[in-house]
Amino acid sequence: MWIGCVSKLRILGTITLFLALIALATLSSYPVASQDPCSPGTLSEVVKSLEELSSKFVDVGEAIDYLDQLLKACSRGDVGEAISIYSRLAESLSSLREYSERRLQEVIAYRITYTVFLALLPLLTYTLLPRVYLYLWYLARRKWAVVRRR
Amino acid sequence: MGCGEEEVILDEEVFAVIVALAVVASAVGIASIWRPQEEGFVAIGLLDESCRIGLYPRNAAPGSNLTLCISVFNYLGRPAAYMVSYKVALNSSQLPTNTTPSSMIPLATWVGALGDRSNRTFLVKVSVPGDAVVGSRVALVFELWLLDPRSGTWVYSGRWVHAWVQVME
């Protein structure tokens, strides 16, 4: 009975080890396959991210420079350089994504403020201009003396 | 000014004109803030080896190298990844059109990325095919392709430039 139990445990252990190895192999190979920096899928994702960030008014100049270098490295077949550039690009995109929502809100707030100001401009002109003009008119004549006319 | 005459400090007509100007400025300003994005475009230009418009090569020997300059412009309203593809057309029917690229095989490509409202000018060295027939005319064609992030493929933009050269000994 003991011998049977031990042999079953051994088989179970072997199967577990085998499954763990398969899982490890899958995990280690997945990022390399999915993050091949020169694959059309990866490049498309990068361009898509840049478009999205750009639509949120984020300055993507630095990321575009990285993409430019990445494309050139891929074109030369320099995979090592491409991987290095891609990691920097991914880092740059990640930090820009964190900032993008705030940037969008800033731009929308600025636009709304500017629109309200422009919408009020005619009203402000109508109400304030005569008062300001009068104030300046009197200011310019403050040293004038009043003389009774005969 | 006699007694009973009223001095008008701010003339009413002048005031009306100023208010009207303020209304127009307000409307134009708001429209410019919220105007929809214009239709974007890309462009490619061919320049000589000094990166100027002018002295394009007229003659070339088979297998010889020529230096030219390419300008790429991005006004799509978004960043773009581009590819310039070099082909040699042996006659007019092999030239690209606004919708279809040339059927010839690309002999060289140059890639890069551009932000919105930006351009890049770079020198390229291209070779005339060694099997080009002496005495014939060939067109050096540069097509502009863009990476379509939706499909993940390079798509012909419909923009190209070409220069005819006479193949000579």
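Residues are numbered from 1 along each chain as its sequence is written, while chains are lettered from A and ligands numbered from 1 in the order of writing. Because the model is predicted, local features need pLDDT of at least 70 and side-chain atom pairs count only at pLDDT 80 or more, whereas totals for chains, interfaces and linings use all residues.

Start with the whole complex. The predictor assigns an ipTM of 0.85 and a pTM of 0.77.

Next, select chain A. Chain A contains 4 helices and 0 strands, in the order α-α-α-α from the N terminus. Helices (H or I, at least four residues) and strands (E, at least two) are DSSP runs, numbered from the N terminus. Of the 150 residues in chain A, 19% are buried, meaning that 20 or more other C-beta atoms, placed from the backbone, lie within 10 Å of the residue's own.

Now show both chains and look where they touch. The contact (C-beta atoms, placed from the backbone, within 7 Å) involves 31 residues of chain A and 25 residues of chain B. On the chain A side, select helix 2 (40-55), helix 3 (61-76) and helix 4 (79-140), the elements that each give two or more residues. Helix 4 of chain A supplies the largest share, 14 residues.

Chain B has an average pLDDT of 92, and 95% of its residues score at least 70.

Key. Two residues are in contact if their C-beta atoms, placed from the backbone, lie within 7 Å. pLDDT is the predictor's confidence in each residue, from 0 to 100. A residue is buried if 20 or more other C-beta atoms lie within 10 Å of its own, exposed if 12 or fewer, and partly exposed in between; C-beta atoms are placed from the backbone.
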